[in-house]
Amino acid sequence: MALEMTKVTNCTASECAYNAGKICHALAITIGDPPREPKCDTYFKSEVHGGAQYSTAGVGACKTSD
């Protein structure tokens with residue numbers, strides 16, 4: 001049984017190491033659970049961009065119910 005992750009279709013965190021051209025290149029991200037608005041826990045501040053160059057991230061884990 002293969003599961004499909006929801007794709008990250010747009011990322012505006014321009015200083016994130018995984019964001020290149022508003023596309024997230026982490027293999028998967030985790031959505032955190034702050035009180036008001038869930039945010040990406042995979043965020044890593046860097047001017048150098050990396051990750052899986054030819055892939056688009058999926059939501060691997062979500063710690064919020066909404």
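Is His 25 buried or exposed? His 25 is buried, with a relative accessible area of 12%; buried means under 20%, exposed over 50% and partly exposed in between, for a 1.4 Å probe and protein chains only. The structure is a predicted model, in which local features need pLDDT of at least 70 and side-chain atom pairs count only at pLDDT 80 or more, while totals for chains, interfaces and linings use all residues. Residues are numbered from 1 along each chain as its sequence is written, and side-chain values use heavy atoms, with hydrogens and water left out.

His 25 lies in the loop between β2 (23-24) and β3. Strands are DSSP runs (E, at least two residues), numbered from the N terminus. The side chain of His 25 reaches the backbone oxygen of Ser 55 at 2.8 Å. Beyond its neighbours within four places in sequence, His 25 is in contact (heavy atoms within 4.5 Å) with Tyr 18, Ala 20, Gly 50, Gly 51, Ala 52, Gln 53 and Ser 55.

Asn 19 is placed in strand β1 (residues 19-20). This residue is buried, at a relative accessible area of 5%. Its side chain has a polar atom 3.1 Å from the backbone oxygen of Cys 11. The backbone oxygen of Ala 13 also lies 3.1 Å from a polar atom of the Asn 19 side chain. Neighbours within four places aside, the contacts of Asn 19 include Thr 12, Ser 14 and His 49.

Two salt bridges are found in a search of the whole structure. A salt bridge is a side-chain nitrogen of Lys or Arg within 4 Å of a carboxyl oxygen of Asp or Glu. One joins Lys 45 and Glu 15 (3.5 Å, N to O). Lys 45 is in the loop between β3 and β4, Glu 15 in the segment before β1, and 30 residues separate them. Lys 45 is exposed, at 56% relative accessible area. Glu 15 is partly exposed, at 42%.

Lys 63 and Asp 41 also meet in a salt bridge (2.7 Å, N to O). Lys 63 lies in the segment after β4 and Asp 41 in the loop between β3 and β4, so the pair ties together parts 22 residues apart in sequence. Both are partly exposed: Lys 63 at 46%, Asp 41 at 44%.

Key
Helices (H or I, at least four residues) and strands (E, at least two) are DSSP runs, numbered from the N terminus. A polar contact is a pair of N or O atoms within 3.5 Å; within protein, one must be able to donate a hydrogen and the other to accept it, and residues adjacent in sequence count only if both atoms are side-chain atoms.
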